[in-house]
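Reader: I have a chain open here and would like to go through it. Can we take it piece by piece?

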Amino acid sequence: MPSFDFTSEADMVALKNAIDVAARQIDNRYDFKGTSAKVELNEKDKLITLWGDSDFQLDQIKDILFPAMEKKEAESTKRLDPQKVESVSGNKAKQVLKIKDGIESEMAKKIVKLVKDAKLKVQASIQGDAVRVQGAKRDDLQDCIALIKKSITDFPIRYGNFRD
C-alpha cells in the first residue's frame, strides 16, 4: 500500500549560512558601526538571538536576516516563533526567535482532520512529529498532497519518504 509522510524539519545548515550572511552584512553597515547590533544562532536549543540598541534596530536586523533566510530555504521565516523584546543592561534590546522543528500535535491533528473531511480514499495517522498518509492509489495520495499544500500556508510542510 503506497504511503508518504508530511514532515517539517529546519535545514540547520542553510539557517546557519543565512545567519552568517546577515552577520557579515550587519558588520559592514555604516549605521551599525559602534552599536551592539548582532545576531547569534544557538543550534542546540534552536534559538536565534537578535541584539541591538533599540526596538527599531532589531527591526532593521530582521529586515536583513529574513530575506537571507528565505533565499537559503523557502518559507523558513514561517517556522520562527518571536518572543517579546527584552531590555538588557541599560538601553540595549534583545529578542529571541525560537525555531519550530517538526509538526506539533495541534498542526498534526489539523492535517488529519483536513484529510478526513475531504473524504479522500486515504488514511492519515500521527507518527511522532510527522503525519503518515496511506492509500490504495498514487492518485489519491497526490490529491492529498495538493489539498494540504493549498490548505496550510502558515507553516512550512514537506512531503517525502514515499513508499510504493
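Reader: Which residues does Ala68 touch, not counting residues up to four places away in sequence?
Author: Ala68 touches Ala18 and Val21, where contact means heavy atoms within 4.5 Å. This is a predicted model, in which local features need pLDDT of at least 70 and side-chain atom pairs count only at pLDDT 80 or more, while totals for chains, interfaces and linings use all residues. Residues are numbered from 1 along each chain as its sequence is written, and side-chain values use heavy atoms, with hydrogens and water left out.

Reader: Where does Ala68 lie?
Author: In helix H2. Helices here are DSSP runs of H or I with at least four residues, strands are runs of E with at least two, and both are numbered from the N terminus.

Reader: Buried or exposed?
Author: Ala68 counts as buried because its relative accessibility is 11%. The cut-offs are under 20% relative accessible area for buried, over 50% for exposed, and partly exposed in between, with a 1.4 Å probe and protein chains only.

Reader: At what angle do H1 and H2 pack?
Author: H1 (residues 12-28) and H2 (residues 55-72) pack at about 145 degrees, and their axes are 8 Å apart. Axes are lines fitted to C-alpha atoms, for helices over the stretch in contact, and the angles run from 0 to 180 degrees between N-to-C directions.

Reader: Left-handed or right-handed crossing?
Author: The crossing of H1 and H2 is right-handed. A crossing is left-handed if the near helix is turned anticlockwise from the far one by less than a right angle, and right-handed if clockwise.

Reader: Which residues in H1 and H2 meet?
Author: From H1, Ala14, Leu15, Asn17, Ala18, Ile19, Val21, Ala22, Gln25 and Ile26. They meet Ile61, Ile64, Leu65, Ala68, Met69 and Lys72 in H2. By class, the contact of H1 with H2 has 12 nonpolar, 2 polar and 1 charged residues. Ala, Val, Leu, Ile, Met, Phe, Trp, Tyr, Cys and Pro count as nonpolar, Asp, Glu, Lys and Arg as charged, and the others, Gly among them, as polar.

Reader: Changing topic. How many salt bridges does the structure hold?
Author: It holds 10, a salt bridge being a side-chain nitrogen of Lys or Arg within 4 Å of a carboxyl oxygen of Asp or Glu. One of them joins Arg132 to Asp5, with the closest N and O atoms 2.7 Å apart.

Reader: Why does that Arg132 and Asp5 pair tie together parts that are apart in sequence?
Author: Because Arg132 is in strand S8 (residues 130-135) and Asp5 in strand S1 (residues 3-7), the pair ties together parts 127 residues apart in sequence. Asp5 is buried at 9% relative accessible area, whereas Arg132 counts as partly exposed at 26% relative accessibility.

Reader: What else is Asp5 in contact with?
Author: Leaving aside neighbours within four places in sequence, the list for Asp5 is Val131, Arg132, Arg158, Tyr159, Gly160 and Asn161.

Reader: Which residue does Asp101 meet in a salt bridge?
Author: Lys46, at 2.4 Å from N to O. This pair links distant parts of the chain, 55 residues apart. Asp101 is in the loop between strand S6 (92-99) and helix H3 (105-117), and Lys46 in the loop between strand S2 (38-42) and strand S3 (47-52). Asp101 counts as partly exposed at 33% relative accessibility, and Lys46 counts as partly exposed at 24%.

Reader: And Lys113, what does it pair with?
Author: Asp117, with the closest N and O atoms 2.9 Å apart. Both lie in helix H3, 4 residues apart, about one turn of the helix.

Reader: Back to Lys46. What is its phi?
Author: Positive, about 55 degrees, although Lys46 is not a glycine. Most residues other than glycine have a negative phi. Glu75 also has a positive phi, about 60 degrees, and is not a glycine.

Reader: Where is Glu75 found?
Author: In the loop between H2 and strand S4 (80-82). Glu75 counts as partly exposed, at 34% relative accessibility.

Reader: Last one. Which residues is Val88 in contact with, leaving aside its neighbours within four places in sequence?
Author: Trp51, Ala93 and Lys94. Val88 is found in strand S5 (residues 86-88) and is partly exposed, with a relative accessible area of 21%. Val88 and Gly52 are 36 residues apart in sequence, and their C-alpha atoms are 9.8 Å apart in space.
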